[in-house]
Amino acid sequence: MWTLIVSALTGLWLMASPSILDYGDPARTNDWIAGPLAASLSVIAVSSVLRGLRWVILPLGIWQILAPWLLGFDTTPTINATVTGLILIAAALLTRHATTRYGGGWASLLPDRMPD
Amino acid sequence: MATVPHAHAAQPSEHRADHDIPPGWDYNPAEWSQRIPIAALALVGFCVSLYLALYQWGVFGSVWEPFFGDGSQRILNSSVSEALPFPDAALGAFTYLLDAVAGLVGSRRRWRTMPWIVVLFGLAVGPLGVVSVMLTVFQPVLYDTWCTLCLASAAISLVMVGPAMDEFLASLQHLKRERAKGRSLWRAFWGLEG
């Protein structure tokens with residue numbers, strides 16, 4: 001739960017950091033897209049029935065680490081993207097799996113499965 | 001000896017006294033304590049969106065914006081906001097109202113007695129959240145500014161997604177079980193099956 005709060009706050013930081021740290025494109029647009037996505041996924045994944053969405057935060061974190069090299073960021077946004085990427089990866093990996101039972105969960109809707 | 005702990009390990013859900021809890025679930029997702037907070041949030045979202053829509057319609061000459069200067073004004077008058085024949089906030093207000101109504105209709109058994117309302121509820125809440133995220137990304141990327149109340153509305157719609165989706169899942173599982181029993185999916189959807 002607290003790991004998702006950390007990743008939600010990281011997303012909010014990415015929304016604000018282009019203005020606060022004063023950096024431009026392409027890092028700015030990248031963070032303006034990655035930020036809302038990280039914050040939204042984190043908020044939704046708080047609900048244990050949708051906890052699985054935390055795994056989408058993982059590729060987002062990996063992207064933040066790759067983006068400075070693929071898109072060519074300046075020094076400040078590179079450091080910012082790398083640090084936020086590491087935080088997002090850690091948050092995705094450390095978030096606990098929900099133990100609440102949901103009659104087989106979403107997977108029970110697959111053609112070859114059956115709900116409890 | 002080894003069989004004793006085993007026998008206790010698998011406790012079937014029939015042991016529960018509350019038959020309103022879906023099979024294999026720990027709680028009832030259609031409980032009022034789950035639904036009333038969502039409906040209350042939806043009503044707050046409705047008021048925020050209605051205010052923004054009234055500004056877009058020209059009822060109010062200015063819009064409240066404490067942080068981003070003319071941000072709200074620019075975003076609410078942007079081409080994305082005016083892409084529809086009516087203000088985009090009006091569509092938001094309508095969806096929030098639908099969420100509130102669909103969240104309140106039906107008893108705490110509605111995941112199996114009224115799957116249609118639960119599915120409608122889920123279909124209203126889910127896309128509203130997705131559209132909110134999209135509009136949040138558009139604000140800075142296209143217009144280089146933010147709109148405080150638009151962000152507040154987006155946050156409200158995202159918080160509603162999780163609590164609505166568990167009920168949605170319970171209804172879909174119920175429909176799948178009914179079909180597996182050879183019953184009519186159509187009748188189960190409208191709650192016509194015992």
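User: Where is the place of Asp22(A) in chain A?

Analyst: Asp22(A) sits in the loop between helix 1 and helix 2 of chain A. Keep in mind as we go that this is a predicted model.

User: Thanks. What is phi of Asp22(A) near?

Analyst: Phi is near 55° there, a positive value in a residue that isn't glycine.

User: And is Asp22(A) buried or exposed?

Analyst: Exposed: Asp22(A) has a relative accessible area of 67%.

User: What else is in that loop? Where does Pro26(A) go, for instance?

Analyst: Pro26(A) also belongs to the loop between helix 1 (2-20) and helix 2 of chain A. A cis peptide bond joins Asp25(A) to Pro26(A), with omega at about 5°.

User: Nice. Which residue does Asp25(A) meet in a salt bridge?

Analyst: That would be Arg28(A), and the N to O distance is 3.8 Å. Asp25(A) counts as partly exposed at 48% relative accessibility, and Arg28(A) is partly exposed too, at 23%.

User: Let's zoom out. How many helices and strands does chain A have?

Analyst: Chain A has four helices and zero strands, so the order from the N terminus is simply α-α-α-α. Its C-alpha atoms fill a box of roughly 55 × 25 × 20 Å along the principal axes.

User: How many of its residues count as buried?

Analyst: Chain A has 116 residues, and 47% of them count as buried. The chain exposes about 5,800 Å², with carbon and sulfur atoms supplying 70% of that area.

User: What about contacts within chain A, for residues at least 6 apart in sequence?

Analyst: Of those contacts, 62% join residues at least 24 apart.

User: I'm curious about Val49(A). Where is it found?

Analyst: Val49(A) is in the loop between helix 2 (27-45) and helix 3 (54-72) of chain A. At 8% relative accessibility, Val49(A) counts as buried, because the cut-off for that is under 20%.

User: Which residues is Val49(A) in contact with, leaving aside neighbours within four places?

Analyst: Within chain A, Val49(A) contacts Tyr102(A) and Trp106(A). From chain B, Gly162(B), Met165(B), Asp166(B) and Leu169(B) are in contact with Val49(A).

User: How many salt bridges and polar contacts are counted between the chains?

Analyst: The count is two salt bridges between chain B and chain A. In one of them, the side chains of Asp26(B) and Arg101(A) meet with N to O at 3.0 Å. The polar contacts come to twelve residue pairs across the interface.

User: Last topic: how many salt bridges over all chains?

Analyst: Ten by this rule. In chain B, Asp20(B), Glu31(B), Arg108(B) and Arg112(B) are linked in a network of salt bridges. Asp70(B) and Arg74(B) also meet in one, with N to O at 3.4 Å.

User: And which partner does Glu178(B) have?

Analyst: Glu178(B) forms a salt bridge with Lys181(B), the closest N and O atoms being 3.4 Å apart. Glu178(B) is buried at 5% relative accessibility, whereas Lys181(B) is exposed at 55%.

Notes. Residues numbered from 1 in each chain as written. Chains lettered and ligands numbered in written order. Predicted model: local features only at pLDDT ≥ 70, side-chain atom pairs only at ≥ 80, totals over all residues. Heavy atoms only, no water. Salt bridge = Lys/Arg side-chain N within 4 Å of Asp/Glu carboxyl O. Polar contact = N/O pair within 3.5 Å; in protein donor to acceptor, adjacent residues only side chain to side chain. Helix = DSSP H or I, 4+ residues; strand = E, 2+ residues; numbered from the N terminus. Buried < 20%, exposed > 50% of the residue type's maximum accessible area, 1.4 Å probe, protein only. Contact = heavy atoms within 4.5 Å. Areas by Shrake-Rupley, 256 points an atom, 1.4 Å probe, with all protein chains shown as cover.
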